[in-house]
Amino acid sequence: MLAAVAVFLPLPQAFSMPIAKVQVQVVDVKAGTSALLLEKMNSSMQVVAEQLLLDKDVEKTAGAAKGYEKLFAEIGDRVFTGYELQRVDLDVAPTTRVKLYLQPWTEVVSRVKVDLQFSGVDHKTAALLQKRLVAFEQELQEIITGASVDAADWAGGILRRTVRQRVEEALPDFKAAVDLIQDKSPEQVLIQVVVYPVGPIVSDINYAMHSETIPNIILMQLKYRYASRCEELRGLPVSYVQRHRSELENMLVEELKKEKLLQDLAVEPKATLMPGQDMGIDISLSTKKYKLWAEGYADIGREDDNLSGRLHLGKYISGKDEIFAEGELVTDDVHWSTSLGYAHDWGKSTWSYRRRIPEADNAYKLEYRLGPKWGLRAEHYSGLDRNEYALRYRIHEFLSCEYVYGGKESYFRIIGNL
(Lines give C-alpha, C1' and ligand atoms only; values in the text may rest on other atoms or scores of the structure.)
Protein backbone atom coordinates (compact mmCIF):
# COMPACT_ATOMS: atom_id res chain seq x y z
CA MET A 1 0.00 0.00 0.00
CA LEU A 2 2.80 2.41 0.89
CA ALA A 3 4.51 1.64 -2.41
CA ALA A 4 1.34 2.39 -4.35
CA VAL A 5 0.84 5.74 -2.56
CA ALA A 6 4.45 6.69 -3.27
CA VAL A 7 3.92 6.00 -7.02
CA PHE A 8 0.86 8.23 -7.42
CA LEU A 9 1.68 11.11 -4.97
CA PRO A 10 4.69 13.43 -4.69
CA LEU A 11 6.91 12.46 -1.75
CA PRO A 12 6.21 15.58 0.47
CA GLN A 13 2.45 15.26 -0.03
CA ALA A 14 2.48 11.55 0.68
CA PHE A 15 3.74 12.16 4.24
CA SER A 16 1.89 15.45 4.93
CA MET A 17 -0.49 15.69 7.94
CA PRO A 18 -3.48 17.94 8.68
CA ILE A 19 -3.69 20.35 11.63
CA ALA A 20 -5.73 18.47 14.23
CA LYS A 21 -5.63 20.93 17.12
CA VAL A 22 -5.09 24.67 17.65
CA GLN A 23 -3.97 26.29 20.91
CA VAL A 24 -4.20 30.09 21.33
CA GLN A 25 -2.44 32.16 23.97
CA VAL A 26 -2.83 35.93 24.40
CA VAL A 27 -0.06 37.69 26.31
CA ASP A 28 -0.08 41.25 27.68
CA VAL A 29 3.52 42.38 27.34
CA LYS A 30 3.01 44.85 30.19
CA ALA A 31 1.58 42.05 32.37
CA GLY A 32 -1.19 44.31 33.69
CA THR A 33 -4.36 42.73 32.25
CA SER A 34 -6.10 40.28 34.58
CA ALA A 35 -6.13 36.56 33.88
CA LEU A 36 -9.93 36.62 33.46
CA LEU A 37 -9.79 39.22 30.68
CA LEU A 38 -6.94 37.41 28.96
CA GLU A 39 -8.95 34.20 29.16
CA LYS A 40 -11.85 35.97 27.41
CA MET A 41 -9.44 37.18 24.70
CA ASN A 42 -8.12 33.64 24.32
CA SER A 43 -11.59 32.17 23.86
CA SER A 44 -12.54 34.86 21.30
CA MET A 45 -9.44 34.26 19.19
CA GLN A 46 -9.63 30.48 19.67
CA VAL A 47 -12.80 30.36 17.59
CA VAL A 48 -11.18 32.40 14.81
CA ALA A 49 -7.98 30.30 14.82
CA GLU A 50 -9.87 27.02 14.60
CA GLN A 51 -11.91 28.25 11.64
CA LEU A 52 -8.75 29.35 9.84
CA LEU A 53 -6.41 26.47 10.61
CA LEU A 54 -8.17 23.24 11.53
CA ASP A 55 -7.73 20.43 8.98
CA LYS A 56 -5.35 22.57 6.92
CA ASP A 57 -2.22 20.89 5.56
CA VAL A 58 0.65 21.36 7.99
CA GLU A 59 3.34 21.87 5.33
CA LYS A 60 1.34 24.27 3.19
CA THR A 61 0.25 26.29 6.24
CA ALA A 62 3.83 26.49 7.47
CA GLY A 63 4.82 27.91 4.11
CA ALA A 64 2.17 30.59 4.44
CA ALA A 65 2.85 31.33 8.15
CA LYS A 66 3.73 35.01 7.61
CA GLY A 67 0.46 35.63 5.85
CA TYR A 68 -1.49 33.94 8.62
CA GLU A 69 0.38 35.95 11.27
CA LYS A 70 -0.54 39.18 9.48
CA LEU A 71 -4.15 38.07 9.22
CA PHE A 72 -4.30 37.25 12.96
CA ALA A 73 -2.82 40.66 13.75
CA GLU A 74 -5.49 42.44 11.68
CA ILE A 75 -8.30 40.44 13.31
CA GLY A 76 -6.88 41.00 16.79
CA ASP A 77 -6.72 44.77 16.26
CA ARG A 78 -10.44 44.74 15.52
CA VAL A 79 -11.50 42.28 18.22
CA PHE A 80 -9.44 43.54 21.15
CA THR A 81 -10.70 47.09 21.50
CA GLY A 82 -8.27 49.18 23.51
CA TYR A 83 -5.29 46.95 22.69
CA GLU A 84 -2.65 46.90 19.97
CA LEU A 85 -1.22 43.65 18.56
CA GLN A 86 2.57 43.93 18.58
CA ARG A 87 3.34 40.58 17.03
CA VAL A 88 1.96 37.12 16.37
CA ASP A 89 3.97 33.89 16.60
CA LEU A 90 2.64 30.91 14.67
CA ASP A 91 4.10 27.48 15.37
CA VAL A 92 2.58 25.19 12.74
CA ALA A 93 2.35 21.50 13.63
CA PRO A 94 -0.38 18.86 14.03
CA THR A 95 -1.02 20.78 17.27
CA THR A 96 -0.55 24.35 16.11
CA ARG A 97 0.18 27.10 18.62
CA VAL A 98 -0.80 30.71 18.04
CA LYS A 99 0.71 33.26 20.43
CA LEU A 100 -0.46 36.88 20.29
CA TYR A 101 1.48 39.64 22.08
CA LEU A 102 -0.46 42.84 22.78
CA GLN A 103 -0.43 45.94 24.94
CA PRO A 104 -2.94 48.69 25.85
CA TRP A 105 -3.27 51.63 23.45
CA THR A 106 -2.80 54.36 26.06
CA GLU A 107 -3.70 54.56 29.76
CA VAL A 108 -4.66 51.59 31.90
CA VAL A 109 -7.08 51.43 34.82
CA SER A 110 -5.03 52.07 37.95
CA ARG A 111 -7.72 52.76 40.58
CA VAL A 112 -10.98 50.83 41.03
CA LYS A 113 -13.68 51.75 43.50
CA VAL A 114 -16.55 49.35 44.22
CA ASP A 115 -19.88 50.79 45.39
CA LEU A 116 -21.84 47.77 46.71
CA GLN A 117 -25.46 48.48 47.71
CA PHE A 118 -28.30 46.27 48.92
CA SER A 119 -31.71 47.53 47.86
CA GLY A 120 -34.77 47.30 50.10
CA VAL A 121 -33.07 46.07 53.30
CA ASP A 122 -31.82 47.76 56.47
CA HIS A 123 -28.15 48.76 56.51
CA LYS A 124 -27.38 46.32 59.35
CA THR A 125 -28.99 43.48 57.42
CA ALA A 126 -27.06 44.61 54.35
CA ALA A 127 -23.83 44.22 56.33
CA LEU A 128 -24.90 40.67 57.25
CA LEU A 129 -25.55 39.84 53.58
CA GLN A 130 -22.26 41.38 52.50
CA LYS A 131 -20.37 38.92 54.70
CA ARG A 132 -21.56 36.14 52.38
CA LEU A 133 -19.78 37.78 49.45
CA VAL A 134 -16.30 36.90 50.67
CA ALA A 135 -13.52 38.92 48.96
CA PHE A 136 -16.13 40.13 46.45
CA GLU A 137 -14.88 43.71 46.09
CA GLN A 138 -11.25 42.61 45.82
CA GLU A 139 -12.17 40.15 43.08
CA LEU A 140 -13.89 42.88 41.04
CA GLN A 141 -10.96 45.21 41.47
CA GLU A 142 -8.52 42.58 40.25
CA ILE A 143 -10.58 41.97 37.09
CA ILE A 144 -10.44 45.60 35.91
CA THR A 145 -7.16 46.88 37.35
CA GLY A 146 -4.45 46.99 34.68
CA ALA A 147 -6.86 46.78 31.74
CA SER A 148 -6.91 49.37 28.97
CA VAL A 149 -9.27 52.25 29.76
CA ASP A 150 -10.66 51.87 26.23
CA ALA A 151 -11.64 48.24 26.84
CA ALA A 152 -14.48 49.18 29.21
CA ASP A 153 -17.31 47.95 26.96
CA TRP A 154 -16.30 44.34 26.54
CA ALA A 155 -14.51 44.19 29.91
CA GLY A 156 -17.76 45.42 31.50
CA GLY A 157 -19.59 42.43 30.01
CA ILE A 158 -17.19 40.04 31.68
CA LEU A 159 -17.53 41.96 34.92
CA ARG A 160 -21.35 41.80 34.84
CA ARG A 161 -21.31 38.08 34.20
CA THR A 162 -18.87 37.55 37.07
CA VAL A 163 -20.95 39.65 39.49
CA ARG A 164 -24.20 37.88 38.65
CA GLN A 165 -22.57 34.50 38.97
CA ARG A 166 -21.02 35.30 42.36
CA VAL A 167 -24.27 36.78 43.71
CA GLU A 168 -26.26 33.79 42.48
CA GLU A 169 -23.87 31.41 44.23
CA ALA A 170 -23.65 33.30 47.55
CA LEU A 171 -27.16 34.82 47.65
CA PRO A 172 -29.50 32.78 45.44
CA ASP A 173 -32.51 34.81 46.65
CA PHE A 174 -31.03 38.01 45.17
CA LYS A 175 -30.01 39.38 41.79
CA ALA A 176 -27.50 42.09 40.89
CA ALA A 177 -27.41 45.08 38.55
CA VAL A 178 -23.94 46.29 37.54
CA ASP A 179 -22.73 49.56 36.03
CA LEU A 180 -19.17 50.50 35.07
CA ILE A 181 -18.36 54.25 35.20
CA GLN A 182 -15.14 56.11 34.55
CA ASP A 183 -14.84 58.19 37.69
CA LYS A 184 -13.07 61.62 37.76
CA SER A 185 -10.13 60.55 35.57
CA PRO A 186 -9.80 57.95 32.78
CA GLU A 187 -7.57 55.79 34.97
CA GLN A 188 -10.15 55.63 37.80
CA VAL A 189 -13.19 53.34 37.44
CA LEU A 190 -16.30 53.11 39.63
CA ILE A 191 -18.12 49.77 39.71
CA GLN A 192 -21.68 50.21 40.98
CA VAL A 193 -23.32 46.98 42.11
CA VAL A 194 -26.91 46.99 43.35
CA VAL A 195 -28.07 43.70 44.89
CA TYR A 196 -31.86 43.42 45.17
CA PRO A 197 -34.23 40.72 46.49
CA VAL A 198 -36.39 38.61 44.21
CA GLY A 199 -39.66 36.81 44.95
CA PRO A 200 -41.94 37.45 47.96
CA ILE A 201 -40.30 39.57 50.66
CA VAL A 202 -40.94 40.11 54.37
CA SER A 203 -43.26 43.13 54.36
CA ASP A 204 -44.51 43.04 57.96
CA ILE A 205 -43.24 41.65 61.26
CA ASN A 206 -45.29 40.47 64.24
CA TYR A 207 -42.90 40.58 67.17
CA ALA A 208 -43.38 39.37 70.73
CA MET A 209 -41.06 39.09 73.73
CA HIS A 210 -42.43 37.36 76.80
CA SER A 211 -41.43 35.44 79.88
CA GLU A 212 -43.14 33.09 82.31
CA THR A 213 -40.40 33.50 84.90
CA ILE A 214 -39.74 37.26 84.88
CA PRO A 215 -42.33 40.07 85.15
CA ASN A 216 -42.88 41.59 81.71
CA ILE A 217 -42.67 45.09 83.13
CA ILE A 218 -38.96 44.50 83.93
CA LEU A 219 -38.36 43.68 80.27
CA MET A 220 -40.02 46.78 78.80
CA GLN A 221 -36.84 48.58 77.73
CA LEU A 222 -35.35 45.39 76.33
CA LYS A 223 -38.57 44.60 74.51
CA TYR A 224 -38.70 47.92 72.66
CA ARG A 225 -35.02 47.79 71.74
CA TYR A 226 -35.35 44.35 70.18
CA ALA A 227 -38.53 45.36 68.40
CA SER A 228 -36.34 47.75 66.42
CA ARG A 229 -33.75 45.01 65.96
CA CYS A 230 -36.31 42.61 64.52
CA GLU A 231 -37.61 45.31 62.17
CA GLU A 232 -34.20 45.23 60.50
CA LEU A 233 -35.22 41.90 58.92
CA ARG A 234 -37.98 43.59 56.94
CA GLY A 235 -37.31 43.50 53.19
CA LEU A 236 -35.52 40.13 53.14
CA PRO A 237 -36.81 37.50 50.70
CA VAL A 238 -39.05 34.98 52.43
CA SER A 239 -37.03 32.17 50.82
CA TYR A 240 -33.82 33.60 52.35
CA VAL A 241 -35.38 33.61 55.83
CA GLN A 242 -36.57 30.03 55.34
CA ARG A 243 -33.11 28.92 54.22
CA HIS A 244 -31.23 30.74 57.01
CA ARG A 245 -33.86 30.54 59.74
CA SER A 246 -31.63 28.80 62.31
CA GLU A 247 -28.80 31.24 61.68
CA LEU A 248 -31.06 34.28 62.18
CA GLU A 249 -32.55 32.78 65.34
CA ASN A 250 -29.09 32.06 66.76
CA MET A 251 -27.98 35.59 65.89
CA LEU A 252 -30.81 37.08 67.99
CA VAL A 253 -30.14 34.64 70.85
CA GLU A 254 -26.42 35.44 70.94
CA GLU A 255 -27.17 39.17 71.08
CA LEU A 256 -29.64 38.67 73.94
CA LYS A 257 -27.13 36.62 75.91
CA LYS A 258 -24.87 39.69 76.05
CA GLU A 259 -27.54 41.76 77.85
CA LYS A 260 -26.46 42.48 81.44
CA LEU A 261 -30.01 42.25 82.82
CA LEU A 262 -30.45 38.75 81.43
CA GLN A 263 -27.00 37.70 82.62
CA ASP A 264 -27.78 38.86 86.17
CA LEU A 265 -31.04 36.88 86.21
CA ALA A 266 -29.45 33.82 84.52
CA VAL A 267 -31.99 34.05 81.70
CA GLU A 268 -31.90 31.66 78.75
CA PRO A 269 -33.36 33.35 75.65
CA LYS A 270 -35.01 31.49 72.80
CA ALA A 271 -35.96 33.00 69.43
CA THR A 272 -38.46 31.48 67.01
CA LEU A 273 -38.97 32.81 63.48
CA MET A 274 -42.10 32.02 61.46
CA PRO A 275 -41.09 32.93 57.87
CA GLY A 276 -43.63 34.58 55.61
CA GLN A 277 -44.50 37.92 54.08
CA ASP A 278 -46.17 38.64 57.42
CA MET A 279 -43.36 37.14 59.54
CA GLY A 280 -43.67 36.24 63.19
CA ILE A 281 -40.77 36.58 65.63
CA ASP A 282 -41.32 35.13 69.11
CA ILE A 283 -38.67 35.64 71.80
CA SER A 284 -39.16 33.80 75.07
CA LEU A 285 -37.02 34.44 78.15
CA SER A 286 -36.80 31.89 80.93
CA THR A 287 -34.58 31.35 83.92
CA LYS A 288 -33.91 28.32 86.08
CA LYS A 289 -32.91 30.57 88.96
CA TYR A 290 -36.12 32.46 89.77
CA LYS A 291 -39.76 32.43 88.77
CA LEU A 292 -41.43 35.81 89.28
CA TRP A 293 -44.77 36.91 87.87
CA ALA A 294 -47.79 39.03 88.69
CA GLU A 295 -51.27 38.73 87.17
CA GLY A 296 -54.59 40.51 87.49
CA TYR A 297 -57.92 38.76 86.77
CA ALA A 298 -61.29 40.08 85.61
CA ASP A 299 -63.93 37.34 85.40
CA ILE A 300 -66.95 37.75 83.13
CA GLY A 301 -69.92 35.55 84.02
CA ARG A 302 -68.88 34.98 87.62
CA GLU A 303 -70.87 36.49 90.48
CA ASP A 304 -68.39 36.37 93.38
CA ASP A 305 -64.68 37.15 93.59
CA ASN A 306 -64.63 38.34 89.98
CA LEU A 307 -61.77 40.84 90.44
CA SER A 308 -58.49 39.57 91.87
CA GLY A 309 -54.75 39.53 91.51
CA ARG A 310 -51.85 37.22 92.29
CA LEU A 311 -48.10 37.64 92.89
CA HIS A 312 -45.76 34.63 92.55
CA LEU A 313 -42.23 34.53 94.01
CA GLY A 314 -40.36 31.31 93.23
CA LYS A 315 -36.84 29.93 93.60
CA TYR A 316 -35.57 26.92 91.65
CA ILE A 317 -33.78 24.43 93.89
CA SER A 318 -32.86 22.29 90.88
CA GLY A 319 -33.31 22.44 87.14
CA LYS A 320 -36.91 21.21 87.44
CA ASP A 321 -37.93 21.79 91.05
CA GLU A 322 -39.22 25.07 92.49
CA ILE A 323 -40.35 26.25 95.90
CA PHE A 324 -42.56 29.34 95.93
CA ALA A 325 -44.79 31.69 97.82
CA GLU A 326 -47.90 33.35 96.40
CA GLY A 327 -49.98 36.26 97.58
CA GLU A 328 -53.57 36.70 96.33
CA LEU A 329 -55.85 39.73 96.66
CA VAL A 330 -59.61 39.53 96.09
CA THR A 331 -61.12 42.98 95.70
CA ASP A 332 -64.82 42.15 96.29
CA ASP A 333 -64.42 42.06 100.06
CA VAL A 334 -60.75 43.07 100.00
CA HIS A 335 -59.06 40.10 101.61
CA TRP A 336 -55.59 38.61 101.24
CA SER A 337 -54.50 35.02 101.22
CA THR A 338 -51.05 33.51 100.96
CA SER A 339 -49.73 30.15 99.80
CA LEU A 340 -46.54 28.18 100.11
CA GLY A 341 -45.85 25.53 97.54
CA TYR A 342 -43.69 23.27 95.44
CA ALA A 343 -43.67 22.71 91.66
CA HIS A 344 -42.01 20.19 89.38
CA ASP A 345 -41.48 20.61 85.63
CA TRP A 346 -41.18 17.83 83.10
CA GLY A 347 -41.32 18.52 79.39
CA LYS A 348 -44.31 20.67 78.54
CA SER A 349 -46.05 19.89 81.83
CA THR A 350 -45.81 21.35 85.33
CA TRP A 351 -47.29 19.81 88.49
CA SER A 352 -47.58 21.93 91.64
CA TYR A 353 -48.87 21.76 95.20
CA ARG A 354 -49.61 24.75 97.42
CA ARG A 355 -50.93 25.17 100.92
CA ARG A 356 -53.36 28.08 101.12
CA ILE A 357 -53.30 30.20 104.29
CA PRO A 358 -55.55 31.09 106.15
CA GLU A 359 -58.05 28.89 104.25
CA ALA A 360 -56.18 25.77 105.41
CA ASP A 361 -56.77 24.42 101.95
CA ASN A 362 -54.58 22.29 99.68
CA ALA A 363 -54.47 23.07 95.96
CA TYR A 364 -53.12 20.66 93.33
CA LYS A 365 -52.51 21.92 89.82
CA LEU A 366 -51.44 20.37 86.52
CA GLU A 367 -50.52 22.63 83.58
CA TYR A 368 -49.73 21.63 80.00
CA ARG A 369 -48.31 23.95 77.33
CA LEU A 370 -49.92 23.24 73.97
CA GLY A 371 -47.75 25.79 72.19
CA PRO A 372 -46.24 29.28 72.50
CA LYS A 373 -49.70 30.83 73.05
CA TRP A 374 -52.00 28.01 74.21
CA GLY A 375 -52.14 26.16 77.53
CA LEU A 376 -54.36 23.83 79.59
CA ARG A 377 -54.89 23.88 83.36
CA ALA A 378 -56.54 21.43 85.75
CA GLU A 379 -56.75 22.37 89.46
CA HIS A 380 -58.25 20.72 92.54
CA TYR A 381 -59.02 22.49 95.87
CA SER A 382 -59.30 19.81 98.57
CA GLY A 383 -60.81 22.00 101.30
CA LEU A 384 -63.60 23.22 99.00
CA ASP A 385 -63.82 19.88 97.17
CA ARG A 386 -63.82 21.80 93.90
CA ASN A 387 -62.26 21.07 90.51
CA GLU A 388 -61.40 23.72 87.94
CA TYR A 389 -60.42 23.28 84.27
CA ALA A 390 -59.26 26.04 81.95
CA LEU A 391 -58.05 26.69 78.39
CA ARG A 392 -55.73 29.70 78.14
CA TYR A 393 -54.61 31.83 75.18
CA ARG A 394 -51.94 34.54 75.26
CA ILE A 395 -53.02 37.50 73.12
CA HIS A 396 -49.72 39.33 73.64
CA GLU A 397 -47.13 39.82 76.35
CA PHE A 398 -49.43 41.81 78.67
CA LEU A 399 -52.81 40.26 77.97
CA SER A 400 -54.20 36.72 78.02
CA CYS A 401 -57.65 35.19 78.22
CA GLU A 402 -58.96 31.98 79.72
CA TYR A 403 -62.15 29.97 79.58
CA VAL A 404 -62.74 28.37 83.00
CA TYR A 405 -65.07 25.50 83.77
CA GLY A 406 -65.65 24.83 87.47
CA GLY A 407 -68.46 22.30 87.54
CA LYS A 408 -71.22 24.49 88.99
CA GLU A 409 -70.08 27.57 87.12
CA SER A 410 -68.11 28.54 84.02
CA TYR A 411 -66.84 31.96 83.05
CA PHE A 412 -64.51 33.91 80.79
CA ARG A 413 -61.43 35.40 82.41
CA ILE A 414 -59.32 38.33 81.14
CA ILE A 415 -55.77 38.22 82.50
CA GLY A 416 -53.34 41.10 82.69
CA ASN A 417 -49.72 39.88 82.72
CA LEU A 418 -47.53 42.42 84.47
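Me: Start with E402. Buried or exposed?

Reply: E402 counts as buried because its relative accessibility is 3%. Buried means under 20% relative accessible area, exposed over 50%, and partly exposed in between, with a 1.4 Å probe and protein chains only.

Me: What sort of model is this, and how are residues numbered?

Reply: It is a predicted model, where local features need pLDDT of at least 70, side-chain atom pairs count only at pLDDT 80 or more, and totals for chains, interfaces and linings use all residues. Residues are numbered from 1 along each chain as its sequence is written, and side-chain values use heavy atoms, with hydrogens and water left out.

Me: Back to E402. Which residue does it form a salt bridge with?

Reply: R413, with the closest N and O atoms 3.9 Å apart. R413 lies in strand β19 and E402 in strand β18, so the pair ties together parts that are 11 residues apart in sequence. A salt bridge here is a side-chain nitrogen of Lys or Arg within 4 Å of a carboxyl oxygen of Asp or Glu. Strands (E, at least two residues) and helices (H or I, at least four) are DSSP runs, numbered from the N terminus.

Me: And R413, buried or exposed?

Reply: R413 counts as buried, at 10% relative accessibility.

Me: How many salt bridges does that rule give?

Reply: The count comes to 31. One of them joins the side chains of E409 and R302, at 3.7 Å from N to O. That pair links distant parts of the chain, 107 residues apart: E409 is in the loop between β18 (399-405) and β19 (410-417), and R302 is in the loop between β10 (290-300) and β11 (307-316).

Me: How accessible are E409 and R302?

Reply: E409 is partly exposed at 32% relative accessibility, whereas R302 is buried with a relative accessible area of 16%.

Me: What else is in the loop between β10 and β11?

Reply: D305 is placed there. D305 has a positive phi of about 50 degrees although it is not a glycine. Most residues other than glycine have a negative phi. D305 is partly exposed, with a relative accessible area of 29%.

Me: Where is A135, and what is its phi?

Reply: A135 is in the loop between α6 (123-130) and α7. Its phi is positive, about 55 degrees, and A135 is not a glycine either. At 46% relative accessibility, A135 counts as partly exposed.

Me: On to α7. Where does L140 sit, and what does it touch?

Reply: L140 is in helix α7 (residues 136-144) and is buried, at 0% relative accessibility. Leaving aside neighbours within four places in sequence, L140 is in contact (heavy atoms within 4.5 Å) with V114, L159, V163, I191 and V193.

Me: Next, α9. Which of its residues are buried?

Reply: L222, K223, Y226, R229 and C230 are the buried residues of α9. They cover an arc of only 120 degrees around the axis, which puts them on the same side of α9. The arc is that of the directions from the helix axis to the C-beta atoms. Q221 and Y224 are exposed on the other side of α9.

Me: What does the buried side pack against?

Reply: The buried residues of α9 pack against β7 (204-211), α11 (245-257), α12 (260-264) and β9 (278-287).

Me: Which residue does R229 meet in a salt bridge?

Reply: E232, at 2.5 Å from N to O. Both E232 and R229 are buried.

Me: Which side chain does D321 make a polar contact with?

Reply: The side chain of S318, at 2.6 Å. A polar contact is a pair of N or O atoms within 3.5 Å; within protein, one must be able to donate a hydrogen and the other to accept it, and residues adjacent in sequence count only if both atoms are side-chain atoms. Leaving aside neighbours within four places in sequence, D321 is in contact with K315, Y316, Y342, A343 and H344.
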